[in-house]
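Me: I'm new to reading protein models. Can you walk me through one, feature by feature?

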Amino acid sequence: MQRHGCVIRLRPEHRETYLRLHAEVWPSVEKTLREANFRNYTIFLHDDLLFGYYEYVGDDYEADLRYIAADPQTQEWWKLTDPCQESVAEPGSGDWWAPMREVWHLADESGAEAPDQPQPGSRG
């Protein structure tokens, strides 16, 4: 399992519009995300910053991202909500989720080094 977090900055004047549009199309998008091995998608809103959290439980993250990007319902979600967002992505990234910027990513602990091995930056 991989855990991801990302952030969107909402345009303050469009905050309520974003929340309404998101609520209208989210159920169909969530179904697609589940089909693409995404779980526990959660959104936290603080002022104009929207933080997203999700877990990826599949085997081919890039293929599942392409599956989501090709889904008409997901495209409609972004078409409706994109005008409400200020991009915080790297310029020219071209990602289907370009308004989002990944702020952290954690792999499942089962893939971590054994506890008795020194961690980077530790003194042994």
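Reply: A nonpolar core is a set of buried Ala, Val, Leu, Ile, Met, Phe, Trp, Tyr and Cys residues joined through side-chain atoms within 4.5 Å. Buried means under 20% relative accessible area, with exposed over 50% and partly exposed in between (1.4 Å probe, protein chains only). This is a predicted model, where local features need pLDDT of at least 70 and side-chain atom pairs count only at pLDDT 80 or more, while totals for chains, interfaces and linings use all residues. Residues are numbered from 1 along each chain as its sequence is written, and side-chain values use heavy atoms, leaving out hydrogens and water.

Me: Which residues touch the most other members of the largest nonpolar core?

Reply: Leu33, Phe38 and Trp77 do, out of 20 residues in that core. Two or more residues come from each of strand E1 (2-10), helix H1 (15-35), strand E2 (38-46), strand E3 (49-56), helix H2 (61-70) and helix H3 (72-81). H1 gives the most, five residues. Helices (H or I, at least four residues) and strands (E, at least two) are DSSP runs, numbered from the N terminus.

Me: What does phenylalanine 38 touch?

Reply: Contact means heavy atoms within 4.5 Å. Leaving aside residues up to four places away in sequence, Phe38 touches Leu33, Tyr54 and Leu65, among others.

Me: Is cysteine 6 buried or exposed?

Reply: Cysteine 6 is buried, because its relative accessibility is 2%.
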